[in-house]
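Here is a short tour of one protein chain, from its overall build to the residues inside it. Have the model open beside you as you read.

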Amino acid sequence: MSILSGKNILLGITGGIAAYKTASLVRLFVKTGAKVKVIMTPAAKDFITPLTLSTLSKHPVHSSFTNEEDDNAVWNNHVDLGLWADIFIVAPATANTLSKMANGVCDNLLLATYLSAKCPVYFAPAMDLDMYKHPSTIESFKKLDAFKNIMIPAATGELASGLVGEGRMAEPEDIVEFIEQDILGTLPLNGKKILITAGPTYEAIDPVRFIGNHSSGKMGFEIAKAAANLGAEVVLITGPTHQNVTHSNIKIVPVISAQDMYNEVHKYFDTTNIAILSAAVADFTPKEVASQKIKKKSETLTLELEKTKDILASLGVIKKNQFLVGFALETNNELENAKGKLKRKNLNLIVLNSLNDKGAGFKTDTNKVTFIDDKENILEFQLKSKSEVASDLLNKIISEIDA
Ligand code: CTP
């Protein structure tokens, strides 16, 4: 999943030959899962039709303050468009429009929207090489930089004039990549590697049976999604679940048993910055796994179980600078038990959920948690959706690692 998924992208197209490439740009943005609306300057319509862009973006395209074709002329509200946008990108951005943006000129819908927009603004210049280097254009770039607008530099290559040089609009793929990387770079977990465990483990009894538990894996998957959306590179080591996630920042490592999970966690821990162990790992596993299906010959069956390795505790022993988070599911004496686990397993933070709280624990979409950190600060939360709990947890971790 792209970081642009679910974002509202407003694309402003101005009158340059590179406008023909915006059809691909709109398609690429839509493919990321973003919602796209297009506004054009009147001159842009000479280079690409509004019909092409409205078809690709699945939204009407606006280029003037009123709907010209409509007898009951409707005002196209530039303020609404500006507020709707999470990202505004002007591509191609001609020297003329850039100069107007730099100087507060407001003689078309695109410029009025630019002045109304509160979101980050990107612009991808496109012009001939001499125009690109002209002091007046450089002056526009400087002013726009001072306004904190972000330039997607033009590429060097063959220009519409036949000349070769700097001024070609960046290719649509490069524009999308530039914006994705730019957003990732501003995120609080950018550059951090996070290891997350999720779901139950299955401990084999024989080739067809296992000992498992009711963990759905939802909490761990929500933490993985939230961490990836905050820019982290996530390794999600998960026992068998029905959960699914596709995100370019999440690597899923499926495992079955507690021993598999232990092995995989130890492969990644050394290069990890933050480890969050939310899996419901089996505490015991059959001592012997029958090689054939066990037949029901006798009235009773006794299985001998042995302890699994405690993955979390093993990380507490070897951790260097890693921020280590564990979960505790308790039924009684909750705070004391959780504090005990925090100390015993050498954690930085423990997330306590009590089975006594309605809506908390396995299989629900909600959770009610208390965070206890290694300075014994206690932070208690109301019942929330697991995705909200995930973002509370990551905010707490961010505040701790930044402190
Ligand atoms: N955990 C683990 N490996 C295990 C068992 C548990 O990594 N073999 C982790 C869980 O992922 C969780 C934390 O340890 O983050 C707490 O697990 P829990 O079963 O509640 O605690 P235990 O330490 O096993 O203690 P008890 O069963 O006595 O409550």
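## Contacts along the chain

Take the contacts between residues with a separation of 6 or more: 66% of them join residues 24 or more positions apart. Keep in mind that this is a predicted model. Its chain holds 13 helices and 21 strands.

## Overall dimensions

The C-alpha trace spans about 85 × 50 × 50 Å along the principal axes. The radius of gyration of the chain is 28 Å, whereas a compact globule of 403 residues would come in near 22 Å.

## The largest nonpolar core

Let's step inside. The largest nonpolar core contains 34 residues, and Leu4, Phe29, Val38, Ile89, Ile175 and Ile179 have the most contacts within it. Two or more residues each come from strand S1 (8-13), helix H1 (22-31), strand S2 (35-40), strand S3 (87-93), strand S4 (121-125) and helix H8 (172-186). H8 is the top contributor, giving five residues.

Leaving aside residues up to four places away in sequence, Phe29 touches Leu4, Ile9, Ala34, Val36, Ile89, Val176 and Ile179.

## Surface and charge

Of the 403 residues in the chain, 49% are buried. The chain exposes about 19,900 Å², and carbon and sulfur atoms supply 52% of that area.

As for charge, the chain carries 43 positive and 46 negative charges, and their mean positions are 6 Å apart.

Notes: Residues are numbered from 1 along each chain as its sequence is written. This is a predicted model: local features need pLDDT of at least 70, side-chain atom pairs count only at pLDDT 80 or more; totals for chains, interfaces and linings use all residues. Side-chain values use heavy atoms; hydrogens and water are left out. A nonpolar core is a set of buried Ala, Val, Leu, Ile, Met, Phe, Trp, Tyr and Cys residues joined through side-chain atoms within 4.5 Å. Buried means under 20% relative accessible area, exposed over 50%, partly exposed in between (1.4 Å probe, protein chains only). Helices (H or I, at least four residues) and strands (E, at least two) are DSSP runs, numbered from the N terminus. Contact means heavy atoms within 4.5 Å. The radius of gyration is taken over C-alpha atoms; the globule rule is 2.2 Å times the number of residues to the power 0.38. Accessible areas come from the Shrake-Rupley method with a 1.4 Å probe; for residues, only the protein chains shown count as cover. Lys and Arg count as positive and Asp and Glu as negative; His and the chain ends are not counted. The place of a charge is taken as NZ of Lys, CZ of Arg, CG of Asp or CD of Glu.
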